[in-house]
Amino acid sequence: MAEDLKEKRLDDVLKTKRMKAYRRLCHELGLRDTKQKRAILEAVLGLDTHPTADEIHAHITTTHPDVSRTTVYRGLEAFARMGLITKACHPGSVTRYDRNIDIHHHLICLHCDAVIDITDTGLDALSIPDTSDFNFEVQDFRVQLRGVCGSCRETDPKEE
Ligand SMILES: [Zn+2]
Ligand SMILES: [Zn+2]
């Protein structure tokens with residue numbers, strides 16, 4: 001229970017900080033700050049599941065039934081460009097949005113597509129290869145550890 005409360009407070013701190021950054025960036029970049037956009041940002045910041053645009057849309061329509069899918073998608077793309085969230089992609093899947101913009105890595109469940117954040121100083125310290133031969137500029141990196149999550153192993157213990 002105490003742990004839950006601590007988590008909840010951390011969530012609130014993250015949300016407040018990021019909402020402030022959003023308002024500041026809107027002002028600096030001359031972007032329109034709308035109620036709908038705020039609701040979308042609040043929704044993505046409140047979810048630690050690396051949700052897809054559709055999942056965020058489903059979540060948001062419970063309180064804001066007038067927000068369209070396109071608005072949600074455009075909002076999320078704008079927030080990613082503003083650095084307020086990141087895009088966590090993995091092959092074969094639609095874009096997942098990530099409220100965690102600090103350096104971190106992902107545990108990916110190959111059964112249910114769960115994406116779980118993990119931090120590890122050893123992984124952070126991995127040396128990035130020289131990619132200039134590919135004319136490619138690395139801006140960020142995430143290590144994906146793939147496997148099967150606890151709840152999938154529980155429901156189907158024989159599966160790897
Ligand atoms: Zn799973
Ligand atoms: Zn993440």
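The following legends describe close-up views of a predicted model.

**Figure 1. Overview of the chain.** The chain of 160 residues contains six helices and five strands. Read from the N terminus, the order of these elements is α-α-α-α-β-β-β-β-α-β-α. The C-alpha trace spans about 45 × 45 × 35 Å along its principal axes. Of the residues in the chain, 17% count as buried. For contacts between residues at least 6 apart in sequence, 49% join residues that are at least 24 apart.

**Figure 2. The largest nonpolar core.** This core comprises 16 residues. Those with the most contacts inside the core are Ile 40, Leu 41, Val 44, Ile 56, Ile 60, Val 72 and Leu 76. Two or more core residues are supplied by each of helix H2 (35-45), helix H3 (53-60) and helix H4 (69-81). H2 provides the largest share, namely five residues. The three views that follow take the helix pairs in turn.

**Figure 3. Packing of H2 against H3.** The axes of H2 and H3 come within 10 Å of each other and cross at roughly 110°. At that angle H2 is roughly perpendicular to H3, because angles of 65 to 115 degrees are classed in this way. The crossing of the two helices is right-handed.

**Figure 4. Packing of H2 against H4.** The axes of H2 and H4 lie 10 Å apart, and the helices pack at an angle of about 70°. H2 and H4 are therefore roughly perpendicular to each other. On the H2 side, the contact is made by Gln 36, Lys 37, Ile 40, Leu 41 and Val 44. On the H4 side, the contributing residues are Thr 71, Val 72, Gly 75, Leu 76 and Phe 79. The contact of H2 with H4 has six nonpolar, three polar and one charged residues.

**Figure 5. Packing of H3 against H4.** H3 and H4 pack with their axes 9 Å apart, at an angle of about 120°. This angle makes H3 oblique to H4. The crossing of H3 and H4 is right-handed. Ala 53, Ile 56, His 57 and Ile 60 of H3 meet Arg 69, Val 72, Tyr 73 and Leu 76 of H4. Classified by residue type, the contact of H3 with H4 has six nonpolar, one polar and one charged residues.

**Figure 6. Surroundings of Ile 60.** Ile 60 is among the residues with the most contacts inside the largest nonpolar core. Apart from residues up to four places away in sequence, Ile 60 touches Ala 39, Ile 40, Ala 43, Val 67 and Val 72.

**Figure 7. Lys 15 in helix H1.** Lys 15 is placed in helix H1 (residues 2-29). With 15 C-beta neighbours inside 10 Å, Lys 15 counts as partly exposed. When neighbours within four places in sequence are left aside, Lys 15 is in contact with Glu 42, Leu 45 and Gly 46. The C-alpha atoms of Lys 15 and Ser 68 are separated by 23 Å, the two residues being 53 residues apart along the chain.

**Figure 8. Positive phi at Asp 113.** Asp 113 is found in the loop between strand S3 (105-109) and strand S4 (115-118). Although Asp 113 is not a glycine, its phi is positive, at about 65°. Asp 113 counts as partly exposed, with 16 C-beta neighbours inside 10 Å.

**Figure 9. Positive phi at Asn 135.** Asn 135 lies in the loop between helix H5 (121-124) and strand S5 (144-147). Asn 135 has a positive phi of about 55° and is not a glycine. With 6 C-beta neighbours inside 10 Å, Asn 135 counts as exposed.

Note on methods
Residues are numbered from 1 along each chain as its sequence is written. Chains are lettered from A and ligands numbered from 1 in the order in which they are written. This is a predicted model: local features need pLDDT of at least 70, side-chain atom pairs count only at pLDDT 80 or more; totals for chains, interfaces and linings use all residues. A nonpolar core is a set of buried Ala, Val, Leu, Ile, Met, Phe, Trp, Tyr and Cys residues joined through C-beta atoms within 7 Å. A residue is buried if 20 or more other C-beta atoms lie within 10 Å of its own, exposed if 12 or fewer, and partly exposed in between; C-beta atoms are placed from the backbone. Helices (H or I, at least four residues) and strands (E, at least two) are DSSP runs, numbered from the N terminus. Two residues are in contact if their C-beta atoms, placed from the backbone, lie within 7 Å. Axes are lines fitted to C-alpha atoms, for helices over the stretch in contact, and angles run from 0 to 180 degrees between N-to-C directions. Angles under 35 degrees count as roughly parallel, over 145 as roughly antiparallel, 65 to 115 as roughly perpendicular and the rest as oblique. A crossing is left-handed if the near helix is turned anticlockwise from the far one by less than a right angle, and right-handed if clockwise. Ala, Val, Leu, Ile, Met, Phe, Trp, Tyr, Cys and Pro count as nonpolar, Asp, Glu, Lys and Arg as charged, and the others, Gly among them, as polar.
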